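Please open the model in your viewer and keep the sequence panel beside it.

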Amino acid sequence: MKQIETLIKRIIQRVNINLRELDFDVNPYIDDIHLKCRLSKFYAFYGITPHHKLSFKFINSSLAGSYFLGKSKIDHSILYKSDIRGDELKSKGTTYQYKDYEIPVYDDEEIQITDSILIKTLVHNFSHDPESLEIFHIKNTVSTHFTNIHGSSTEGCFLGPFSTVDLTTIHDCVFGEFSYIQVEELAHQKVNPGTIRVSYKDKFDFHYQFSEEILKKYIDFDSKNLPIGVLMDFVENRKVDFENVFEFINRKNPVSIPKNTALDRYSVVRGQTRIGKNVLVAQRAYLEDASLGKGANVQENCYIIHSHLEGYDITAHGAKIINSRLGEKIFVGFNSFVRGKIDKPLIIGDGCIVMPHTIIDLEEPLIIPSGFIVWGYIKNAEDLKLNGMPLESFSKIRNEFKLGNMKFKGNGGIFINAFQERIDHILHANGAFFDVSDDNAGGHAQKNQNISFNTIQPYPAGDLKGIYPTMEIKP
């Protein structure tokens with residue numbers, strides 16, 4: 001595995017050069033993961049459909065257990081069980097609206113990953129960097145377990161486990177575990193673990209900080225240990241189910257589904273699960289005794305267990321819902337952990353927004369009323385008073401507002417409207433409102449129904465063990 005060792009050293013050196021001003025060394029984190037021992041054990045696979053652009057090229061890279069859809073180029077990188085989902089990349093001939101600019105897109109956009117290590121990472125959406133419309137670039141970057149890089153061009157960064165960068169261009173930054181950032185652009189910054197921030201120009205700035213004590217219970221990570229805590233235990237206890245799914249090339253659907261619904265063959269379905277019309281279930285999603293109403297979607301690395309989703313509900317990348325009942329049109333944000341108990345159920349009313357990276361872990365039954373926004377850490381009704389409020393009340397906030405560990409500055413109405421517009425966009429993109437009488441191809445729930453999966457394997461032995469042969473695949 002000499003070439004893998006050389007490649008790891010190359011990437012670490014390049015990332016460390018980018019992070020020199022922050023005096024951050026990624027080497028101890030990679031050493032402790034023992035990555036090189038895992039890279040020859042799993043095949044990679046890419047999907048082909050009539051609806052998605054095909055162009056896939058990899059050079060001197062390892063792709064163990066990773067999934068690709070859409071245009072991708074991987075160069076001198078290591079991707080371990082990552083999902084590179086390019087089904088929303090910009091198309092040639094369209095325009096991109098940025099502030100007052102309408103910028104033409106001259107070529108089909110491509111995801112390019114260079115000199116990077118991505119471990120169990122989701123890459124999705126399209127680049128929101130107006131200076132790089134045709135390339136969604138991830139360069140000189142290390143991301144660790146269950147990170148989301150969502151529409152965020154990334155250069156010279158380290159992302160801790162369960163962190164998310166969302167619609168943000170980032171340069172030379174370190175993101176602590178379970179942090180969530182959506183701020184348009186960030187450079188030369190260290191983001192503390194458990195920081196949740198959503199900011200847009202001078203319009204609004206939402207900030208929440210998890211306490212160190214609470215955060216360490218759910219996810220703890222340093223250069224001397226692998227990630228530990230409730231979140232890691234939760235996914236580790238179910239990883240055998242995914243291993244069984246990946247053992248077979250062809251598999252019949254474990255449950256019946258309507259014809260305008262997509263259930264990915266690399267998802268896990270157990271127990272008495274019911275899936276309705278126009279539902280999208282993505283790869284690496286986990287369903288157990290789940291009921292998904294019309295137009296719901298369950299995205300990558302999401303878990304729905306002993307729970308009912310009424311309809312048009314969004315479970316964003318990495319979110320987990322257990323022993324809960326959700327009304328209609330509820331947004332559960334990235335990497336949120338929403339857990340009731342069999343004797344202490346959680347009920348969430350219609351139209352609620354669960355902010356990204358929210359932890360609801362009940363010690364008593366709880367009802368969240370319809371039309372609420374919630375955030376932070378909630379275990380009972382008293383916590384809800386400090387970590388939630390009606391959308392109508394939040395919309396009336398002007399200037400500065402503080403509640404518990406949450407600080408807000410700006411216009412609450414613009415903040416809530418931006419979230420609601422994004423929810424509508426996600427539902428439309430996923431095909432939740434698709435009608436067979438409409439003259440269109442629908443969204444992801446319709447376009448992803450018939451995917452041909454193709455597998456690729458690395459060199460099995462010798463100096464090249466774990467490296468994939470250089471290959472270019474074009475339509």
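What follows is a tour in a few stops, beginning with the overall fold.

This is a predicted model, in which local features need pLDDT of at least 70 and side-chain atom pairs count only at pLDDT 80 or more, while totals for chains, interfaces and linings use all residues. Residues are numbered from 1 along each chain as its sequence is written, and side-chain values use heavy atoms, with hydrogens and water left out.

**The whole chain**

Select the protein chain in a cartoon view, where nine helices and 49 strands make up its secondary structure; these are DSSP runs numbered from the N terminus, helices being H or I of at least four residues and strands E of at least two. Along the principal axes, the C-alpha atoms fill a box of roughly 60 × 55 × 50 Å. The radius of gyration is 21 Å, which agrees with the value near 23 Å that a compact globule of 475 residues would have; the radius is taken over C-alpha atoms, and the globule rule is 2.2 Å times the number of residues to the power 0.38.

Now colour by burial: 60% of the 475 residues are buried, where buried means under 20% relative accessible area, exposed over 50% and partly exposed in between, with a 1.4 Å probe and protein chains only. Among the contacts with a separation of 6 or more, 41% come from residues 24 or more positions apart, a contact being heavy atoms within 4.5 Å.

Next, select residues 286–292, which form strand 31; six of its seven residues are buried.

Tyr 286 has Tyr 303 in strand 33 as its bridge partner, Val 269 stands opposite Leu 287 in strand 31, and Arg 274 has Ser 291 in strand 31 as its bridge partner.

Asp 289 counts as partly exposed because its relative accessible area is 28%.

Then move to Asn 60, in the loop between strand 2 (56–59) and strand 3 (67–69). Its phi is near 45°, again a positive value in a residue other than glycine. Is Asn 60 buried or exposed? At 16% relative accessibility, Asn 60 counts as buried.

**Ala 296**

For the last stop, return to the loop between strand 31 and strand 32 (297–298), and select Ala 296. Ala 296 is buried, because its relative accessible area is 0%. With neighbours within four places in sequence set aside, show the residues in contact with Ala 296, namely Asn 278, Val 279, Leu 280, Tyr 312 and Asp 313. Finally, draw a C-alpha to C-alpha distance from Ala 296 to Ile 330, which gives 9.3 Å across 34 residues of sequence.

Conventions:
Pairing = 2+ DSSP bridges.
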